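Please read them alongside the coordinates.

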Amino acid sequence: MPELPEVETIRRQLRSEIIDQTVVEVGSHESEKFMPARKIKGRRFTELTRRGKYLIAECDGRAELIVHLGMTGQLLVHHGKQDSTMLDQYWRAWWSLDNGKTVVFRDVRRFGRIAVVDKGDYSQIPTLRDMGPEPFSDELTGDEVWRRTRGRRRRIKTQLLSQRLIAGVGNIYADETLFLARINPSLRSISRPQAQRLLEALRTVLSEAIERGGTTLRDYRNLEGEGSNQHHLKCYGRGGQLCFVCSSTLRSRIIDARTTTWCPQCQAR
Ligand SMILES: [Zn+2]
C-alpha cells in the first residue's frame, strides 16, 4: 500500500503537471467511490498538497479534490486528450487539462477513494479529520510523541498504523522505523528516550524512501516508474533472514492483523 513516501513522491512529480491548469473534461467509473471526480469539471488547480497518505488538490472556488490511493491506486499522466489508448479495464477516473494532458486514476483492487470537499472540511473523511501531526512538522518533538503515546493501551506498532499518533505510516515504514529505533513492536508504552529515537528513526526512514522514489513491491508506480527503496529494506518482509546489525534471525508474526517483523536481539522487550 502506498504510504507517505510514495504519496509524497507522486505529489512532487504531479504538481508541476497540474498546477494552474483547468479541468476541461472529466470521466469516472460509475461507482460512488469515484463519481465525485466529476465534480471539479471547469475548476483550476491552484496547489497540490499532502496530508498523511492523502493527496489534496486545491482548486479555485475553495474546493479540494482528495485522492487516497488505497492498496493499488496509481496516478498516471497521459500526454494527450482522453482517448481509448489511455484507459485499460482498471481506470477509475480521469481529468483532461487545458495543457492537453490527462491525469488518470487507475486502481486494480478498488480500495482507493476520491472525494471533493469544501476547503478544509474533512467531516466526511474521519481518518483525515482525526489525523495526527505530520512527521516532518517543525512542531513535532520526541516529547510530543511520548506525550501522545501515554495512556494508550494499544501496541506501539498498532498506534503507528492508526494515523492518529503520527500521519502517513503504514506497515512497511512502521517495521523499518521500529527496527532502526530498536523498539519492540509489541510494547504498549514507550519511554521518553524511546519516543525521541522513534521520531528520529521515522524521519530517517521516510526521507531516505522519498529520495529513492518510494518502495515498489507490487503495484506502486510513481510518474517515472518504480521506486528503488525496496532494495534497501532492513526489516520489513525479512522474517527468517539474518539481522544486518547483529546476525540474529529476524522474527515475524501477526500483530493486530498485520504481519510484523522484528529482531529479537536489537528490539528485545
Ligand atoms: Zn539485530
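1. The crossing of H1 and H6 is right-handed (right-handed if the near helix is turned clockwise from the far one by less than a right angle, left-handed if anticlockwise). Helices (H or I, at least four residues) and strands (E, at least two) are DSSP runs, numbered from the N terminus. This is a predicted model: local features need pLDDT of at least 70, side-chain atom pairs count only at pLDDT 80 or more, and totals for chains, interfaces and linings use all residues. Residues are numbered from 1 along each chain as its sequence is written.

2. H1 (residues 4–18) packs on H6 (residues 192–211) at an angle of about 40°, the axes being 9 Å apart. Axes are lines fitted to C-alpha atoms, for helices over the stretch in contact, and angles run from 0 to 180 degrees between N-to-C directions.

3. On the H1 side the contact involves Leu4, Pro5, Glu8 and Thr9, and on the H6 side Leu206, Ala209 and Ile210 (contact: C-beta atoms, placed from the backbone, within 7 Å).

4. In strand E7 (residues 102–107), 6 of the 6 residues are buried, so E7 is largely enclosed by the rest of the structure (buried: 20 or more other C-beta atoms within 10 Å of the residue's own, C-beta atoms being placed from the backbone). Thr102, Val104 and Arg106 lie on one side, and Val103, Phe105 and Asp107 on the other.

5. E7 pairs with E5 (residues 73–78) in the antiparallel sense over 6 bridges (strands pair if DSSP finds at least two bridges between them). Gly73 has Asp107 as its bridge partner.

6. E6 (residues 91–97) runs antiparallel to E7, joined by 5 bridges, and Ser96 is partnered by Thr102. In the hairpin of E6 and E7, with 4 residues between the strands, Gly100 takes a positive phi near 90°.

Key: Two residues are in contact if their C-beta atoms, placed from the backbone, lie within 7 Å. A residue is buried if 20 or more other C-beta atoms lie within 10 Å of its own, exposed if 12 or fewer, and partly exposed in between; C-beta atoms are placed from the backbone.
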